[in-house]
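This report concerns salt bridges and the places of their partners in the fold.

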Amino acid sequence: MTTTTSSGTPAAESSGVYVLAAHPHWRDSRVNRRMLAAARAVPGVEVNDLYGSYPDYAIDVEAEQARLAKARLVVLLHPIQWYSMPALQKLWLDDVLAYGWAYGPEGNALQGKDLWLVATTGSPESSYHPQNYHRYFFDAFLPPYEQTAALCGMRFLPPLMLHGARSATEAEVAAHVATFAQRLGSYPDWPEIEEIDACVACPVPESDRPADDDFGKVTGNAFHAAMTRGLAVASAQKVA
């Protein structure tokens, strides 16, 4: 099953925007669910609900790489959970952004594209402070996203965040969703985009990633298969 959708716009009119939406419990979502709907309504934008497309956590790597190859802007849309992304979004990165394809020698499939984080937090922005319970400003949790973009030769655009999603007013939520949709529809014609620095080069020497031997491949594949089955069982039990 797949829940990858587009507005029905012909391929020739595609905006080159690919939105990866990840939320393990859409029915409990107050903001991300509305942003998912807003993205689907923007002409030319391709949207993938990861938890709907891959409920068994078995990601179609070839299909995802094909979508990325066509995109100019890749959007990660999700709530921040334990200072990071939902589990299936992380697995997507692990599987799809492969060595030799997304990074490393000859791994230039994403070179020159843009990556945009669009996320929500349950806690207010004031809680991300050295004197408050999250202990750090929120920017301290962004380097993994920034470096993921850099390693793949992508430009990391300034994130669009809504802090305190649980307590935000209806007017604040509506304004945030409208801003998100407007930005999707107007990409790449953002006033500030030309002022954003291109990503730094992060070449990975081949000596840092020696070729896997047969044993390594077998054990690696077995471990990945076991993890995938375990995650699928856990997800099914949770839904039940």
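Being 4 residues apart in helix 4 (residues 87-96), Lys90 and Asp94 are separated by about one helical turn; helices (H or I, at least four residues) and strands (E, at least two) are DSSP runs, numbered from the N terminus. The model is predicted, so local features need pLDDT of at least 70 and side-chain atom pairs count only at pLDDT 80 or more, while totals for chains, interfaces and linings use all residues. Residues are numbered from 1 along each chain as its sequence is written, and side-chain values use heavy atoms, with hydrogens and water left out.

Lys90 and Asp94 form a salt bridge, that is, a side-chain nitrogen of Lys or Arg within 4 Å of a carboxyl oxygen of Asp or Glu. Lys90 is partly exposed at 41% relative accessible area, and Asp94 is partly exposed at 46%; the term lies between buried (under 20% relative accessible area) and exposed (over 50%), with a 1.4 Å probe and protein chains only.

The whole structure holds 6 salt bridges, including these pairs:

| Pair | N to O distance |
|---|---|
| Lys90 and Asp94 | 2.6 Å |
| Asp114 and Arg155 | 2.8 Å |
| Glu170 and Arg34 | 3.0 Å |

Glu170 is partly exposed at 45% relative accessibility, and Arg34 is partly exposed at 33%.

The salt bridge of Asp114 with Arg155 joins strand 5 (residues 114-120) to strand 6 (residues 155-162), parts that are 41 residues apart in sequence. Both of these residues, Asp114 and Arg155, are buried.

Finally, a network of salt bridges links Glu46, Glu64 and Arg67.
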